[in-house]
Amino acid sequence: MPTPAAATTTPPTAAPTATPGSAALATAGHDAGLLLLRLVLGLTMAGHGAQKLFGWFAGGGISGTGQFFTASGYPAGDAMAVLAGLTETLGGLGLAAGLLTPLAGAAVVGTLINAIAVHGTGAFFAPAGIEYELLLTAGAAALALTGPGRYAVDALLPVLRAHRLAHGVLALALGVVLAAVMLLVRS
């Protein structure tokens, strides 16, 4: 005679079938996509910073960029050129390497918020628009929120390995607040 527990047991349902390694392939593709985005966006921003700091890639260097910042209403144009150049270079290299990714992304976002404000919003598309800056801003914010993926320095360091959405949100909030402070010092 069956026991009451045995009588009420339902037969197990079959688990959905998955192809062998499909989860690993999806993760590998995700990580490779994040690596590509980090490298292109990060090295692009590092190049922009090098234009400001060193005059590389037909940039203005500190003096030329400082004159631009002064003309744009920022006090101490040369100091602002150094600040923007360091933020772009270090933020860009951090994104490319996947090191301190939420903070690196936030640094790029903060710098680009100022670039969008200075450039103006008279148009969306180039040559007078903000499409380029907006695309870089969105990419950096996405990386700050998603994390760098497995192919990153952050993944090698136990303290940084566990990316949390909260880290990205807090870092972006910091970047936006600092960008607002910089915009407030403009005359």
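A pocket is an open set of grid points with protein on both sides within 12 Å along at least five of seven lines, and its lining residues have an atom within 4 Å of a point. The legends below use the word in that sense and describe a predicted model.

Figure 1. The protein contains nine helices and zero strands. Read from the N terminus, its elements follow the order α-α-α-α-α-α-α-α-α. Of its 187 residues, 34% count as buried. Among contacts with a separation of 6 or more, 66% join residues 24 or more positions apart.

**Figure 2. The second largest pocket and its lining.** This pocket holds about 200 Å³ of space. Its lining is made up of L100, T101, P102, L103, P148, D154, V159, L160, A162, H163, H167 and A171. Two or more of these residues come from each of α5, α8 (158-161) and α9. The largest share, three residues, is supplied by α5. Sorted by class, the lining of the second largest pocket has eight nonpolar, three polar and one charged residues.

**Figure 3. The largest pocket and the helices around it.** The volume of the largest pocket is about 770 Å³. Its lining has 34 residues, and A84, E88, T111, L112 and N114 are the ones nearest the centre. At least two lining residues come from each of α2 (22-54), α3 (61-71), α4 (77-97), α5, α6 and α9. Helix α5 contributes the most to this lining, with 10 residues. By class, the lining of the largest pocket divides into 20 nonpolar, 11 polar and three charged residues.

**Figure 4. Helix α9, with its buried and exposed residues.** Helix α9 covers residues 165-185; at 1.5 Å a residue, its 21 residues should span 30 Å, and the 31 Å between its end C-alpha atoms agrees with this. Its buried residues are G168, A171, L172, G175 and A179. These lie on the same side of α9, because they cover an arc of only 100° around the axis. The exposed residues L170 and L184 are on the face turned away from the buried side. Helices α5 (101-119) and α6 (131-146) are among what covers the buried residues of α9. One of those buried residues, A171, also belongs to the lining of the second largest pocket.

**Figure 5. T137 in helix α6.** T137 has 11% relative accessibility, so this residue counts as buried, the limit being under 20%. Apart from neighbours within four places in sequence, T137 is in contact with V109, L112 and I116. L112, one of these partners, is also among the residues nearest the centre of the largest pocket.

**Figure 6. G129 in the loop between α5 and α6.** With a relative accessible area of 6%, G129 is buried. When residues up to four places away in sequence are not counted, G129 touches H119, A123 and F124. G129 and I116 are 13 residues apart along the chain, and 9.0 Å separates their C-alpha atoms. I116 is also one of the contacts of T137 shown in the previous view.

Methods
Residues are numbered from 1 along each chain as its sequence is written. This is a predicted model: local features need pLDDT of at least 70, side-chain atom pairs count only at pLDDT 80 or more; totals for chains, interfaces and linings use all residues. Side-chain values use heavy atoms; hydrogens and water are left out. Helices (H or I, at least four residues) and strands (E, at least two) are DSSP runs, numbered from the N terminus. The expected span of a helix is 1.5 Å times one less than its number of residues. Buried means under 20% relative accessible area, exposed over 50%, partly exposed in between (1.4 Å probe, protein chains only). The arc is that of the directions from the helix axis to the C-beta atoms. Contact means heavy atoms within 4.5 Å. On a 1 Å grid over the protein atoms alone, a cavity is a set of points where a 1.4 Å probe fits but cannot get out, and a pocket is an open set with protein on both sides within 12 Å along at least five of seven lines; lining residues have an atom within 4 Å of a point. Grid points are joined across faces, edges and corners, and a volume is the space filled by probe spheres set on the points. Ala, Val, Leu, Ile, Met, Phe, Trp, Tyr, Cys and Pro count as nonpolar, Asp, Glu, Lys and Arg as charged, and the others, Gly among them, as polar.
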